[in-house]
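Subject: Structure handover

Hello,

Here is the structure I promised to pass on. Please open it first, then read the notes below it.

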Amino acid sequence: MASTSSLSLSNSLLARSVSHHRPGLCLSAASPLPTFSGLKSASSSSPAQIPIAALRRRFLQRQIRAAAIETLAPAETSLVDNSVNTIRFLAVDAVENANSGHPGLPMGCAPMGHVLYDEFIKFNPKNPYWFNRDRFVLSAGHGCMLQYALLHLAGYDSCKLEDLKSFRQWGSKTPGHPENFETPGVEVTTGPLGQGIANAVGLALAEKHLAARFNKPDCEIVDHYTYCILGDGCQMEGVAHEACSLAGHWGLGKLIALYDDNHISIDGDTEIAFTEDVSKRFEALGWHVIWVKNGNNGYDEIRAAIKEAKSVKDKPTMIKITTTIGYGSPNKSNSYAVHGSALGAKEVDATRKFLGWPHEPFHVPDDVKKHWSRHIPEGASLESEWNEKFAAYEQKYKEEADVLKSIITGELPAGWEKALPTYAPDSPGDATRVLSQQNINNLADVLPAFVGGSADLASSNLSLMKKFGNFQKNTPEERNIRFGVREHGMGAICNGIARHCPGMIPYCATFFVFTDYMRAAIRISALSQSRVIYVMTHDSIGLGEDGPTHQPIEHLASFRAMPNVLMLRPADGNETSGAYRVAILNKKRPSVLALSRQKVPLIAGTSIEGVEKGGYIVSDNSSDNKPDVILMGTGTELELAVEAAHELRKEGKAVRVVSLVSWELFGEQSAEYKESVLPEDVTARVSIEAASTFGWERMVGSKGKAIGIDSFGASAPAPVLYKELGITAQAVIAAAKELC
């Protein structure tokens, strides 16, 4: 059997010179073509039957930036080549079978994937959630068949052969992008480019933080790496730059990113839009940078680069690995044609002939099976050794072991809820951002892995834990994370922290309007079932003079529309505590807390327990569940509904006031409960919220009235804005009188 690693060149080869990427390098006309043994020519000129000599020439011509090719020892070459080609063809066959997918990346990245998974990553295939495993993230998630093929060879039950054959199909464990909730062995959900590398930064941050807190001079109980493969698309996305800037600043030495440097994106060669020197950029960001020039079959180079990366302890490492997208495809390699669609039957056949792969689809040769099968007993042994190590650690450091165990399992400390502050009706009012700060600091005392911070607004959104310092390169044991002005990176990093282990509870804070910067990260939080707490202050026109650029209008409605997100807008201290209680208890969905800048009074009738229902009665002077009118509000406007009810009752009206702090939680209650709060027969309903009225028809019905703001705000003091935009108790009273 012939294979591409039987290539032997006396000189380094480049298919063509691209001066802005690799100045001064070119393919010499005198460079000899590689020799392939065991391949026969065919007489037909169809793509599948082009003479092999022509295929070889075409293949080399299509390698945009081929790398230095070295001859490996034959004994090693044969097995590694078989393994690498197995990975390639499992991907090719799965994509072909589905007639959908991205074969190019798996074909090009198979060598680095093989070396990484087979020789470096520490894992247990039969327990994908073993705590001290190394984490792997495929940031270029469109190439997910690379990861599925590796998981299959390694012995993960989530990627059996039948799972590969059902790639991208309904109910499959192998969806079109990696999803942690579908495929055990997949750490995080990646899809939008750049999210994955940011998640990897979060995973590496969590490892560094826990290691600093729990490791002892005589026992490193937390000791694992985070590896990530990212591509040109990830490098172009701003979220990756934000996260990688922080990774360099924090000195995350156990983060190793392998950059698939193939210079092809969907629209073609990246030279049309992306010509920067990525290596210099990462050096400037504080990363150690290595360039592997032959990612196609330079196994020794890849191996040496990863070893070097692991030896660098004080900064993350980016290994730029120059590859050929679709490596082995004679007619489509090094082109966008192999990026996002199946090769097609003729090209698959041509690729099989070119790589000397005579096997039927989804075939795994016996020598490859035997070689990879060792990972099952080795993985079990790694976990067993760590368990023994932890047992010894527990005997010597009982208190620390108990805390670490709770973080690993996600078990909340007994009585943690008692830390939530409670407020009497006569307590002085305050802005819910201030009340949020009280919650954050109280929870920091009882939740050992409660960590978080702000996007350069901590003094305004009041998100610091006062008893702790800042997580920095030299103080990783601290719990306040300074994200800088990087909302998108902040959210995506928090997703990684949340996915590290069940007990990690990250929060992040900024102004509510700036969720626009981080919406993709919040959506991934929801999709990946990650408990991230988004502390969003300055939640309405109440922020005042900063004007419409900073005043969120449509944001409440947009997050209420997002699946698996809890959108919470508390009205006072008790509801703020209730919102944090809900956010901590909901382990499989993120929570967005919209908090006020302006002060609010403590409202009689609000409660921590009521928030858990999402909507509940705050006050009511009706009987038999038949009020004349129901007034509804959230956040700072609940006070206006209460004030309006007081005036209407003076006129003899039976008025019910309902707090709808979380529509999602209210929607999950029983029909009986919802009827007890919003009886269907009572159609006289008025809502008030200093935001878009979009969606309120669900609550007020076709005969009710929604008071809100369906335009942008303005720059003026908050009381003036509320009056001028009609967000007043008088407006509620007038609307109620029209209805009853």
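The model is predicted. Its largest nonpolar core holds 77 residues, and Ile221, Trp250, Trp287, Phe483 and Met504 touch the most other members. Helix H6, residues 195-214, gives this core its largest share, 11 residues. As background, nonpolar side chains in soluble globular proteins tend to be buried together.

Now the chain as a whole. It has 740 residues, and 62% of them count as buried. It contains 27 helices and 21 strands. Take the contacts with a separation of 6 or more: 78% of them join residues 24 or more positions apart.

Back to Trp250, one of the core residues named above. Which residues does Trp250 contact, leaving aside its neighbours within four places in sequence? The list is Val201, Leu205, Lys208, Phe471, Gln472, Lys473, Ile481, Arg482, Phe483 and Ile493. Phe483 is also on the list of core residues that touch the most other members.

Trp250 is among the buried residues of helix H8. H8 runs over residues 238-250, 13 residues in total. At 1.5 Å a residue it should span 18 Å, and its end C-alpha atoms are 19 Å apart, so the two values agree. Gly251 follows H8, and its phi is positive, near 65 degrees.

Next, the empty space. A probe the size of a water molecule, rolled over the atoms, shows where such space is left.

The largest pocket contains about 560 Å³ of space. Its lining has 25 residues. Nearest the pocket centre lie Tyr129, Ala498, Arg499, Cys501 and Pro502. By class, the lining divides into 10 nonpolar, seven polar and eight charged residues. Helix H14 (398-409) and helix H17 (487-500) each supply at least two lining residues. H17 gives the largest share, three residues.

There are also two cavities of 30 Å³ or more. Here is how they look:

- The largest cavity has a volume of about 80 Å³. It is lined by 13 residues, and Glu411, Leu412, Pro448, Gly503 and Ile505 lie nearest its centre. Eight of the lining residues are nonpolar, three polar and two charged.
- The second largest cavity has a volume of about 70 Å³. Its lining includes Tyr117, Ile121, Phe123, Pro128, Arg133 and Asp134. Arg135, Phe136, Tyr156, Gly185 and Glu187 line it too. By class, that lining has six nonpolar, one polar and four charged residues.

Start with Glu119. It sits in helix H3, residues 104-120. With a relative accessibility of 33%, Glu119 counts as partly exposed. Beyond its neighbours within four places in sequence, Glu119 is in contact with His114 and Arg303. How far apart are the C-alpha atoms of Glu119 and His375? They are separated by 10.0 Å, although the two residues are 256 residues apart along the chain.

Then Gln437, in helix H15, residues 432-446. Is Gln437 buried or exposed? It is buried, because its relative accessible area is 16% and the cut-off for buried is under 20%. Leaving aside neighbours within four places in sequence, Gln437 is in contact with Leu462 and Lys466.

Last, two aspartates with a positive phi. Most residues other than glycine have a negative phi.

Asp456 is not a glycine, yet its phi is positive, about 65 degrees. It is found in the loop between strand E9 (450-454) and helix H16 (458-461). Asp456 is exposed, with a relative accessible area of 54%.

Asp624 also has a positive phi, about 55 degrees, without being a glycine. Its loop lies between strand E17 (616-620) and strand E18 (629-633). Asp624 is exposed, because its relative accessible area is 67% and exposed means over 50%.

Over to you.

Best wishes

Key
Residues are numbered from 1 along each chain as its sequence is written. Side-chain values use heavy atoms; hydrogens and water are left out. On a 1 Å grid over the protein atoms alone, a cavity is a set of points where a 1.4 Å probe fits but cannot get out, and a pocket is an open set with protein on both sides within 12 Å along at least five of seven lines; lining residues have an atom within 4 Å of a point. Grid points are joined across faces, edges and corners, and a volume is the space filled by probe spheres set on the points. Helices (H or I, at least four residues) and strands (E, at least two) are DSSP runs, numbered from the N terminus. Ala, Val, Leu, Ile, Met, Phe, Trp, Tyr, Cys and Pro count as nonpolar, Asp, Glu, Lys and Arg as charged, and the others, Gly among them, as polar. The expected span of a helix is 1.5 Å times one less than its number of residues. Buried means under 20% relative accessible area, exposed over 50%, partly exposed in between (1.4 Å probe, protein chains only). A nonpolar core is a set of buried Ala, Val, Leu, Ile, Met, Phe, Trp, Tyr and Cys residues joined through side-chain atoms within 4.5 Å. Contact means heavy atoms within 4.5 Å.
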